[in-house]
Amino acid sequence: NRLYRSRPERPAAMHPLVRDLYKRFLVAGRDYPQGLDVVRRRAKLAFQENAHLTDEVAIKRAVAKGRYWVREIHATHALHKYRSIKKRYY
């Protein structure tokens, strides 16, 4: 019986734009003040909420919203860096 076990089904292939967005979140999360774990957890929840999307336009709209959040993460990091530099002199 062990020879005839069926393989578990593979999940559907991830859209290339979605995969790229997830990588962007991970790279941006490295420098996030609260840490990569926080960014990864929040991104994973957001990706799971939008996993049902199949329409190309809806996927692109969700990716655009995700890229906005990546820019926000970069801005938060820049603000944190600026404030820490400013604290050294005042």
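Predicted model: local features only at pLDDT ≥ 70, side-chain atom pairs only at ≥ 80, totals over all residues.
Which exposed residues does the face of H1 turned away from its buried side carry? Pro16 and Lys23.

Residues are numbered from 1 along each chain as its sequence is written, and side-chain values use heavy atoms, with hydrogens and water left out.

**View 1. The chain and its helices.** The chain has three helices and zero strands. Both are DSSP runs numbered from the N terminus (helices H or I, at least four residues; strands E, at least two). The order from the N terminus is α-α-α. Of the 90 residues in the chain, 18% are buried. Buried means under 20% relative accessible area and exposed over 50%, with partly exposed in between (1.4 Å probe, protein chains only). Among contacts (heavy atoms within 4.5 Å) with a separation of 6 or more, 63% join residues 24 or more positions apart.

View 2. H1 takes in residues 16–29, 14 residues in total. At 1.5 Å a residue (times one less than the number of residues), the helix should span 20 Å, and its end C-alpha atoms are 20 Å apart, which agrees. Val18, Leu21, Phe25, Ala28 and Gly29 are buried. They cover an arc of only 100 degrees around the axis, so they sit on the same side of H1. The arc is taken from the directions from the helix axis to the C-beta atoms. An α-helix has 3.6 residues a turn, so residues three or four places apart point the same way. The cover over the buried residues of H1 includes helix H2 (36–49) and helix H3 (56–87).

**View 3. Phe25 in the core.** The largest nonpolar core has 13 residues, of which Phe25, Phe47 and Ile73 touch the most other members. Such a core is a set of buried Ala, Val, Leu, Ile, Met, Phe, Trp, Tyr and Cys residues joined through side-chain atoms within 4.5 Å. H1, H2 and H3 are the elements that give two or more residues to this core. Leaving aside residues up to four places away in sequence, Phe25 touches Val39, Ala43, Phe47, Gly66, Trp69, Val70 and Ile73.

**View 4. The largest pocket.** Its volume is about 930 Å³, the space filled by probe spheres set on grid points joined across faces, edges and corners. A pocket is an open set of points on a 1 Å grid over the protein atoms alone, where a 1.4 Å probe fits, with protein on both sides within 12 Å along at least five of seven lines; lining residues have an atom within 4 Å of a point. Of the 30 lining residues, Ala43, Ala46, Phe47, Gln48 and Asn50 are the closest to the centre. H3 gives the largest share of the lining, nine residues.
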